[in-house]
Amino acid sequence: MKIKNRLTILSSVTFGVVFIIAALIIYVAFYRSSEKRIYDNMQKNCLLSAIYYLEKDELPISEHKQIKEQYNENIKDVAVGVYNEKNEVQYGSNLSLQAITPAVLEKARKNKKVMFESENHFYFGVFYRDNQGDFVVFIEANDYEFKTQNRQLMIIMAVVLFAGLLVIYLLSLFLSKIAYKPIDDIIKQVNEIEASSLDQQIVNLNTNDEIQNLIESYNNLFQRLSNTFKTQKNFINYISHEFKTPLASISGHLEVFAQKERTPQEYQETTTKVLNNVYEIEEILNTLMIVSGLKSEMLQKESFRVDELIWNCSDKITNINKFSAARLRIELEIQEESNLTVKGNESEISIAVYNIIENAIKYSDEPVVISLLLIENQVQIKVKDFGRGIKENDLQHIRETFYRGSNVGKVQGSGIGLSLASILFAKNNINFQITSKENEGTEVIITFAKL
């Protein structure tokens with residue numbers, strides 16, 4: 001059953017239960033109020049009848065005449081019986097023998113009054129002392145009108161109940177369609193999203209309620225899924241690209257080597273080349289394992305000089321990547337040697353700093369400035385280039401694995417350098433900030449924790 005149908009039925013049932021309870025309360029209150037009103041009226045008529053029959057010999061004729069007029073006016077639809085001490089009707093008419101029993105008369109004498117309903121009639125009796133003796137005056141009234149009113153009230157409430165349930169059902173059905181229309185729209189949009197279009201956003205309805213939160217949650221989920229699929233695709237492309245070169249080199253060396261007999265020197269040269277390619281593949285795998293978190297190493301903090309780390313990275317870049325040393329300008333602004341010592345995993349930090357410098361020099365034709373500073377007793381490495389920079393939209397994604405900016409052009413890269421650096425800096429409790437403007441350059445600030 002759909003939620004909106006379930007809500008419609010639930011609201012209708014709730015209204016029905018509430019109305020039935022309210023109707024029962026109203027009916028009981030009306031019944032008791034009407035019954036009390038009847039008995040109060042009968043009590044007045046009892047006293048009027050007692051005065052009329054028993055006080056005739058004591059009242060003036062004119063006053064008794066007024067009592068008689070009131071009596072005749074009020075005692076139209078009732079029967080009156082005045083019982084003496086012998087339980088005999090001395091005045092009025094003999095009422096139902098089944099209702100007015102000696103026990104009932106005795107109860108009236110004892111309690112001064114008695115009231116009850118029996119055989120479609122109401123009965124009310126009062127004990128009255130007179131100079132002629134002790135009497136019990138009873139009045140009998142038909143309850144037909146009382147029951148008719150109650151029956152009509154029940155019919156009215158039943159009709160109102162069924163009519164109200166129908167109106168509530170139709171109104172709830174109408175309102176549920178309006179309330180659940182945004183959800184139906186979301187379902188329709190979600191069904192139209194395919195694996196190739198996971199970055200498609202669900203239209204924001206701006207309802208400022210739970211629906212709004214649901215839409216935002218869906219959009220965040222789809223964005224994460226889209227990023228995951230893109231990462232997987234980039235991962236496959238990266239593996240294919242990075243492994244292709246060393247594997248092709250290994251197979252090429254072995255194919256050439258297998259064509260004829262070789263000298264021991266040639267054996268050694270070929271083995272060295274193949275091993276270098278194997279080491280390159282191993283380094284690629286280690287890098288991927290660090291990025292993916294599959295390779296968890298205990299962080300071993302050690303003290304080392306940060307200036308030596310910078311010079312080592314500079315030498316590695318100029319020797320391995322064949323960049324000119326003139327492309328790097330290193331400025332050491334820390335005078336005290338004691339301030340050059342930092343703590344952390346030197347190997348991991350070296351990899352991270354190397355990737356930062358390599359990125360800077362790849363995307364800039366101007367010299368890259370590497371500054372070593374001491375700011376508030378914290379060692380900072382500032383790497384600044386004056387190249388193409390990073391677009392503002394790309395800047396928030398630049399640390400994501402395999403993500404490459406939209407303006408990298410034909411510069412070779414895998415999109416893993418900044419991601420790897422971010423992970424390694426975080427492991428070593430090093431603050432890592434990137435600021436950039438397109439066509440103006442990029443600045444990276446690496447701040448070491450205080451010793």
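## A loop residue and its contacts

Begin by selecting D143, which touches E117, N120, H121 and F122 when residues up to four places away in sequence are not counted; contact here means heavy atoms within 4.5 Å. The model is a predicted one, in which local features need pLDDT of at least 70 and side-chain atom pairs count only at pLDDT 80 or more, while totals for chains, interfaces and linings use all residues. Residues are numbered from 1 along each chain as its sequence is written, and side-chain values use heavy atoms, with hydrogens and water left out.

D143 itself lies in the loop between β5 (133–142) and α4 (144–179), where helices (H or I, at least four residues) and strands (E, at least two) are DSSP runs numbered from the N terminus. With a relative accessibility of 2%, D143 counts as buried, a word that stands for under 20% relative accessible area, against over 50% for exposed and partly exposed in between (1.4 Å probe, protein chains only).

## Along helix α1

Select S34 next, in helix α1 (residues 3–54).

Which residues are linked by ring pairs into a cluster? Colour Y27, Y31, Y39, F122, F124 and F146 to see it. Rings of Phe, Tyr and Trp (its six-membered ring) pair if their centres lie within 6.5 Å, and planes under 30 degrees apart count as stacked, over 60 as edge-to-face and the rest as tilted. A search of the whole structure gives 14 aromatic pairs. One of them joins Y39 and F122 edge-to-face, at 5.5 Å centre to centre and with 80 degrees between the planes. This pair links distant parts of the chain, since Y39 is in helix α1 and F122 in strand β4 (residues 121–130), 83 residues apart. Both Y39 and F122 are buried.

Now select Y52 and Y53, whose ring centres are 4.9 Å apart with planes at 75 degrees, so this pair is also edge-to-face. Y52 is buried at 15% relative accessibility, and Y53 is buried with a relative accessible area of 19%.

Pick out C46, buried at 0% relative accessibility, and then C313, buried with a relative accessible area of 2%. A disulfide is taken as a pair of cysteine sulfur atoms within 2.5 Å, and by this rule the count is zero.

Then select K316 and Y354: K316 lies over the face of the Y354 ring, at 4.6 Å from its centre. The rule for such a placement asks that NZ of Lys or CZ of Arg be within 6 Å of the ring centre and within 35 degrees of the ring normal.

## The five-stranded sheet

Show the strands in the order β7-β9-β10-β12-β11, which make up an open sheet of five strands with mixed pairing; two strands pair if DSSP finds at least two bridges between them. At the edges are β7 (328–332) and β11 (431–437), each pairing on one side only. Neighbouring strands of this sheet are turned by 15 degrees against each other on average, direction ignored. The axes are lines fitted to C-alpha atoms, for helices over the stretch in contact, and angles run from 0 to 180 degrees between N-to-C directions.

What is on either side of β12 in the pairing? β10 and β12 run antiparallel and are joined by six bridges, with I381 opposite I446 in β12. β11 and β12 (residues 441–447) are also antiparallel, over seven bridges; Q433 has I445 as its bridge partner in β12, and I434 has V444. These two strands form a hairpin with three residues between them, and N439 in the turn has a positive phi of about 70 degrees.Both faces of β12 are covered, with G441, E443, I445 and T447 buried on one side and T442, V444 and I446 on the other.

## Helix α11

Finish at helix α11 (residues 417–427), which is largely enclosed by the rest of the structure because eight of its eleven residues are buried. The buried residues include G417, L418, S419 and F425. Just after α11, N429 takes a positive phi of about 55 degrees.
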